[in-house]
Amino acid sequence: MNQPTPTTLSMPPAQVPADAKHPQHTPAGLVGDTPVLWIGALFTAAGRGFWAKLEGHNPGGIKDRTALHMVRAARDSGRLVAGARIVESTSGTLGLGLALAGATYGHAVTVVTDPGMEPLMTGLLTAYGARVDLVTTPHPEGGWQKARRQRVETLLAADPDAWCPDQYNNPDNVAAYAPLARELVAQLGPIDTLVVSVGTGGHSAGIGSVLRGHFPHLRIVGVDTTGSTIFGQPAAARLMRGLGSSIYPGNVAYGLFDEVHWVAAPEAVWAARNLARNHYATGGWSAGAVALVARWLARTLPPENRIATVFPDGPQRYVGTVFDDTYCRRQNLLGHLPADDPDEISDSRERTVTRWTRCTHVVDPLARPERHALTGATR
């Protein structure tokens, strides 16, 4: 009779790495504790650089954090009843997070999107069990974003038990990012400058407010896209996904920002591709835009200034856009080397910007003082 061979460790127990990640029973346990990577030369000037929080190491990206938190909070409060459907508008990454939350807590998920969503994302969402509902006509004033939100309202009216997270205005979207901020503090210690993309306003407000509590003199730099209305520019057609908006999200904490930069699509593509070549760590539109701004700050701020950025996801969903030569040529995105420095405006409503531009006078374009008060950012 054969005796089982005992399993032995290849090293004494005392030498087993203490920081190895623990086995998980659910995919939700894989979210968080993402790595931070130094981004320096050749992407930046010699001797300069910044730190990037790689949220692409979550199963679906940064919005896994907020999807799980919003769903858990809604269940705890009774707003989301057991087994009810979750319905939300998204350009992609939140959809993956909601599919993860749906699998974790037992909810069907409907993702309302538009033709701009990459085929890869549609395929992934379907594979993860989400229903993809495609709007086919943009709203004449609010564009695709408003058309999607109107479709969500129609679906909710047809299903009284269904629940919408409303990522644009849900304070749980902001609260979800406190753990990410605490991870940054544990990983980096003191941080002088935070560079974050702005879309729904969730992760910029959630991370920025917690870090400002730790480091009162922290400089927070928001990164938007040209054509976005968030910081007072007129609405225009937007190619980039994941940052920017054609509405005014309630979660944007305007009082937190010391400055805002708008980045155009060709500039973000250049940065994302350059990162991929030189650091094997990159992402899509948001990561490219954020990296371009952080690269400039690393060159122009004192060398001891510690800069942290957040890359919301990895490059996988962008293989047919940002990293596809045919797509980029069709959209005239290649061959546009960004300027060494951003253009400057003194007020966001001074003129319409079409290239990388910076403004150090940040205001709420709808002038709602109570939204400034919520940030507690009086310095």
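1. Helices (H or I, at least four residues) and strands (E, at least two) are DSSP runs, numbered from the N terminus.

2. The model is a predicted one, in which local features need pLDDT of at least 70 and side-chain atom pairs count only at pLDDT 80 or more, whereas totals for chains, interfaces and linings use all residues. Residues are numbered from 1 along each chain as its sequence is written, and side-chain values use heavy atoms, with hydrogens and water left out.

3. The axes of helix α6 (residues 178-188) and helix α7 (residues 202-214) lie 8 Å apart, and the two helices pack at an angle of about 45°. That makes α6 oblique to α7. Axes here are lines fitted to C-alpha atoms, for helices over the stretch in contact, and angles run from 0 to 180 degrees between N-to-C directions. Angles under 35 degrees count as roughly parallel, over 145 as roughly antiparallel, 65 to 115 as roughly perpendicular and the rest as oblique.

4. Which residues form the contact of α6 with α7? On the α6 side they are Ala178, Leu180, Ala181, Leu184 and Val185, which meet Gly206, Ile207, Val210, Leu211 and His214 in α7; contact means heavy atoms within 4.5 Å. By class, the contact has 8 nonpolar, 2 polar and no charged residues. Ala, Val, Leu, Ile, Met, Phe, Trp, Tyr, Cys and Pro count as nonpolar, Asp, Glu, Lys and Arg as charged, and the others, Gly among them, as polar.

5. The buried residues of α6 are Ala178, Leu180, Ala181, Glu183, Leu184 and Leu188, where buried means under 20% relative accessible area, exposed over 50% and partly exposed in between (1.4 Å probe, protein chains only). Their cover includes β1 (36-39), β2, α1 (63-77), α5 (171-175), α7 and β9. After α6 comes Gly189, with a positive phi near 75°.

6. Ala265, Glu267, Ala268, Val269, Trp270, Ala271, Ala272 and Leu275 in α8 meet Trp285, Ala287, Gly288, Ala289, Ala291, Leu292 and Arg295 in α9. The residues of this contact divide into 12 nonpolar, 1 polar and 2 charged.

7. A nonpolar core is a set of buried Ala, Val, Leu, Ile, Met, Phe, Trp, Tyr and Cys residues joined through side-chain atoms within 4.5 Å. The largest has 39 residues, and Val195, Trp285 and Phe311 have the most contacts inside it. At least two residues of this core come from each of β2 (50-54), β7 (219-225), α8 (265-279), α9 (285-300), β9 (307-311) and α10 (325-330). The largest share, 11 residues, is supplied by α9. A second, separate core of 33 residues includes Leu218, Val252, Ile345 and Cys359.

8. Setting aside residues up to four places away in sequence, Val195 touches several residues, including Val221, Val223, Val290, Val293 and Ile307.

9. Asn58 lies in the loop between β2 and α1 and counts as buried at 3% relative accessibility. Beyond residues up to four places away in sequence, Asn58 touches Leu30, Val31, Gly32, Thr34, Asp64 and Arg65.

10. His279, in helix α8, counts as buried at 16% relative accessibility. Leaving aside neighbours within four places in sequence, His279 is in contact with Leu37, Trp38, Ile39, Gly40, Ala41, Leu42 and Phe43. Ala41 and Leu42 are joined by a cis peptide bond, with omega about 15°, and Leu42 is in the loop between β1 and β2.

11. Asp33, in the segment before β1, has a positive phi near 55°. Asp166, in the loop between α4 (143-158) and α5, has a positive phi near 50° and is partly exposed, with a relative accessible area of 25%.
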